[in-house]
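Visitor: Please take one part of this model and look at it closely. I would like to know how its pieces are arranged.

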Amino acid sequence: MPEPLISARGLNRHYGAVQALVDVDLDVHAGEVVSIIGPSGSGKSTLIRCLNGLEIPTSGTITIDGQPIGLRDHRAWTRIRPDVGMVFQDYTLFPHLTVLRNMTLAPVRRGRASRAEAEANAMELLAKVGLADKAHVHPAELSGGQQQRVAIVRALAMKPKVLLFDEPTSALDPETIRDVLEVMQQLAREGMTMVVVTHEIGFAGEVGSRLVFMERGRIVEEGPPRQLLERPASRRLADFLAHLIRH
């Protein structure tokens with residue numbers, strides 16, 4: 001098997017007396033869609049934020065595309081972060097910029113494209129998600145689902161090697177969740193490497209190539225999604241899934 005695109009070993013993260021991650025090991029290979037599920041406070045978001053340096057683990061090691069990253073080496077994180085895109089639950093679009101400017105700002109400033117190249121790529125990506133006609137409006141003029149689709153293609157505009165999603169549908173109403181999940185499904189079909197923190201069990205079961213269940217900062221189970229969802233090995237995962245079904 002080829003070397004993983006992302007490899008984390010022994011990650012621990014403390015916030016004072018609270019330990020959010022406990023000796024977490026995780027590999028993500030190119031082309032995988034790794035879905036991370038678990039109850040609130042289980043460390044899911046902390047884990048993926050550690051994978052692109054938004055959170056600094058207390059201890060452990062992270063290797064990205066074969067390159068070990070010093071946990072407190074801010075220059076290394078700045079250098080590698082464009083290859084590890086992040087999509088948040090609250091969109092994080094700049095409200096004073098148009099959709100097009102939101103998408104072209106980072107590629108131009110980071111020297112990944114000229115303004116003309118960045119704009120052409122942005123328009124192509126917006127067309128891909130059905131939003132080419134929204135290029136010159138501001139985020140406030142978009143629905144939540146539209147803003148999240150823009151956030152996804154804004155991350156894609158940097159041409160990352162992997163995309164991290166932190167509960168991308170949790171702030172959306174049921175009608176717009178489907179539109180965002182369809183975009184993510186299309187990315188999966190195209191081979192985009194993704195790590196997705198989600199409560200969308202259907203997405204995790206159908207699209208994910210691997211499922212990770214976390215509890216109290218630890219990875220309790222991981223494996224093929226259908227296997228874990230239909231035949232969980234731990235009582236804790238079985239209880240968690242039963243709770244989701246009841247609600």
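**Helices and the sheet beside them**

Guide: Q146 counts as buried because its relative accessibility is 17% (buried means under 20% relative accessible area, exposed over 50%, and partly exposed in between, with a 1.4 Å probe and protein chains only). This is a predicted model, in which local features need pLDDT of at least 70 and side-chain atom pairs count only at pLDDT 80 or more, while totals for chains, interfaces and linings use all residues. Residues are numbered from 1 along each chain as its sequence is written, and side-chain values use heavy atoms, with hydrogens and water left out.

Q146 belongs to helix 5, residues 144-156 (helices are DSSP runs of H or I with at least four residues, strands are runs of E with at least two, and both are numbered from the N terminus). Leaving aside residues up to four places away in sequence, Q146 touches L131 and K134 (contact means heavy atoms within 4.5 Å).

Next, what does helix 5 lie across? Helix 5 lies across strand 6 and strand 7 (162-166), and runs at about 170° to strand 6 (axes are lines fitted to C-alpha atoms, for helices over the stretch in contact, and angles run from 0 to 180 degrees between N-to-C directions). Helix 6, residues 174-189, lies across strand 3, strand 7 and strand 8, at about 145° to strand 8.

These strands belong to an open sheet of six, in the order 6-7-8-3-9-10, with mixed pairing (two strands pair if DSSP finds at least two bridges between them).

Strand 9 (residues 210-215) and strand 10 (residues 218-223) run antiparallel and are joined by five bridges. L211 has G223 in strand 10 as its bridge partner. The two strands form a hairpin with two residues between them, and R216 in the turn has a positive phi of about 55°.
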